[in-house]
Amino acid sequence: MTEPIVKGRNLVKRFGSVTGLNHADFDLYPGEVLAVIGDNGAGKSTLIKCFAGAHTPDEGQMWVEGKEVAFKSTHEAREHGVETVFQTLAVAPALDISANLYLGRELRKPGILGKVFRTLDKKRMRKESGEHLQDLGIMTVQNITQSVETLSGGQRQAVSVARAAAFGSQVIILDEPTAALGVRESAKVLNLIQDLRKRGISVILISHNMPQVFEVADRIHVQRLGHRAAVITPKTHSMNDAVAIMTGALQVPESEQTLGPVNVPV
Amino acid sequence: MSAPATPEYDLDEEFTTKRSTVQRIQMTLHRYPWLSSLVVLVAVIIVFGLVNERFLLPNTISLMIQQTVIVGTLAIAQTLIILTAGIDLSIGAIMIFGQMLMANFAVYTTASNVLPIAGQNPIIAIILGIMAATAAGAVNGFLIVRFNLPPFIVTLGTWSVFMGLTLILFKARTIQGPEMPETMKFMGESFPVGPFNFSFGVVTMFVLYLLFAWILKNTAWGTHVYAVGDDPVAAQLTGINTKRVLFSVYLVAGVVMGIAAWITIGRVGSASPNVDPMLNLQTITAVVIGGTSLFGGRGAVIGSLIGAMIVNAVEMGLSLAGVDQAYRTTAIGLLVILAVGVDQWIRKVKQ
């Protein structure tokens, strides 16, 4: 049987007297788009921030590709191939697109220039940024030196997603990627998600938007009161069911859930 | 699988929209904020040159550049700190601290009985002075990073602390030029370049500007300085060790202040604890007029050199025109407000 690429068991995270995660479990299978939904305060963001390295859980265990991990920073998560597009996008507005793509892992020139004088290889970063954006169907070769603050919300999202996808990552976490976007820009982001999936990258999508979730997700993880209430698929359950699970009106027995991998279309 | 059902979206088209001329100017200034200050500097020189021909004499220009050297060098340190959205009010006090330490180590005086190993080789004295300024910068950085204190408050405090320490340790005694070995005053020695006269201090300042302009543009550290000033949370989420970057900025600024201390001894010709109590504010003026944003993440060191020169050119020009000191001070103040106004306009670049 396929092993989850990202797995969490019994995760607990407390913030003072508030419990963000209450013995939550989590499974992401290779190549799938897993949506995480839940009411405000259900612990969606806390859950994914543990895998992103932005939070460290107080209890419980996490595995990436079968190896147990304990991330202390987003940097460590990235080293294990888990990239995150945060809701705030985490871009430096005054820096240009290529500087943002390589922020925190800049390329240095080969030889003495790079090793001793630590010179950045701007040419290569620009060229490769252009290629990464092109891979996702965004052509910016002429404008790669444009500062990010001059971009629209959808474009910034694209830059953020490109950054996550650029570094051979296997898992990309998207936190509310369409929350601040209009209809047209949201559609672009959903397209980007499908592109990522086509390239074999597993995606975790946090969203409030039910129609979007049901459009792109293979499986849907419903978070409630800090733990996993159920895992369903768009085929087995309706949007109304999902809302009912979120609010606690409906309980789904494990036999009716989709805890294992679904047949991921290639 | 067939192509996604969603229609084709053309993101390229959005990345390559046309802009009007005003927007283009705004965009250009946005990318190179020091350009507007360069225009102002050129305008100032032309206007004062027309008003008074003495303004453009090589002697006047040489003097103006030499007068810029203390504020100009310190402004490098201030720029680095302001780029991280910080501010350093202790900049002058640390420089004076380093300067007095240098001079007291180089000269044996009975007054400096707190320094029993005084009378050292001047090179060692200079190195000790630069190290002391670096340590002082590190103290600022440590307090800001470790305890999350606002830079304004920390440096307001250390400003007084280092002023006080200087007076306690060195007894407020001015060490006169003739008392010091020549090496201490090396930065003040000048040599002719065509009709102009440059001091080694001026050359050092220019070299430091080129060095830091290069570092900020071409190293990861430089990019991180901008990123931390721009949006510290974002910088942290992308895996940058923001605390280390911040601390290193205050440390490096300390090194620059130490070098400025040596330059000041050369420029002034003596080491006095009362050089200029307004140095910290003058560096902020130079940085702001030079187009670096007080909100962080935007600007360039080269702008601060231009800013310091604008202040000096306006001072010199108005004084040659016989304008009273009070009016000159007022003019500089208005210039600062204008510069901040331009910064706000430039920051508004959006589609």
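**Entry 1: H5 and H6 of chain B.** I began with the crossing of H5(B) and H6(B), which is right-handed. The model is predicted, so I read every value below as computed. H5(B) covers residues 91-106, and H6(B) covers residues 122-146. Their axes come within 8 Å and cross at roughly 155°. Angles over 145 degrees count as roughly antiparallel, so I logged H5(B) and H6(B) as roughly antiparallel to each other.

Next I looked up who makes the contact. On the H5(B) side I noted, among others, B:Ile94, B:Met95, B:Phe97, B:Leu101 and B:Phe105. On the H6(B) side the list includes B:Pro122, B:Ala125, B:Ile126, B:Gly129 and B:Ala133. By class, this contact has 15 nonpolar, four polar and no charged residues.

**Entry 2: B:Ile91.** Buried or exposed, I asked of B:Ile91? B:Ile91 has 34 C-beta neighbours inside 10 Å, and 20 or more is the cut-off, so B:Ile91 counts as buried. B:Ile91 lies in H5(B).

Which residues does B:Ile91 touch, leaving out those up to four places away in sequence? I found B:Leu74, B:Ala77, B:Gln78, B:Met257, B:Leu279, B:Asn280 and B:Thr283. B:Asn280 is 189 residues from B:Ile91 along the chain, yet their C-alpha atoms are separated by 5.4 Å.

**Entry 3: H12 and H13 of chain B.** H12(B) passes H13(B) in a right-handed crossing.

From H12(B), the contact uses B:Thr285, B:Ala286, B:Val287, B:Val288 and B:Ile289. From H13(B), it uses B:Ser304, B:Gly307, B:Ala308, B:Ile310 and B:Val311. I sorted these by class: seven nonpolar, three polar and no charged residues.

**Entry 4: H6 of chain A.** Last, I turned to H6(A), residues 153-166. How far does H6(A) reach from its first C-alpha to its last? The reach is 20 Å over 14 residues, close to the 20 Å expected at 1.5 Å a residue.

Twelve of the 14 residues are buried, so H6(A) is largely enclosed by the rest of the structure. I wrote down several of the buried residues, including A:Gly154, A:Gln155, A:Val159 and A:Ala165. A:Arg156 and A:Arg163 are also among them.

How values were computed:
Residues are numbered from 1 along each chain as its sequence is written. Chains are lettered from A and ligands numbered from 1 in the order in which they are written. This is a predicted model: local features need pLDDT of at least 70, side-chain atom pairs count only at pLDDT 80 or more; totals for chains, interfaces and linings use all residues. Helices (H or I, at least four residues) and strands (E, at least two) are DSSP runs, numbered from the N terminus. The expected span of a helix is 1.5 Å times one less than its number of residues. Two residues are in contact if their C-beta atoms, placed from the backbone, lie within 7 Å. A crossing is left-handed if the near helix is turned anticlockwise from the far one by less than a right angle, and right-handed if clockwise. Ala, Val, Leu, Ile, Met, Phe, Trp, Tyr, Cys and Pro count as nonpolar, Asp, Glu, Lys and Arg as charged, and the others, Gly among them, as polar. Axes are lines fitted to C-alpha atoms, for helices over the stretch in contact, and angles run from 0 to 180 degrees between N-to-C directions. Angles under 35 degrees count as roughly parallel, over 145 as roughly antiparallel, 65 to 115 as roughly perpendicular and the rest as oblique.
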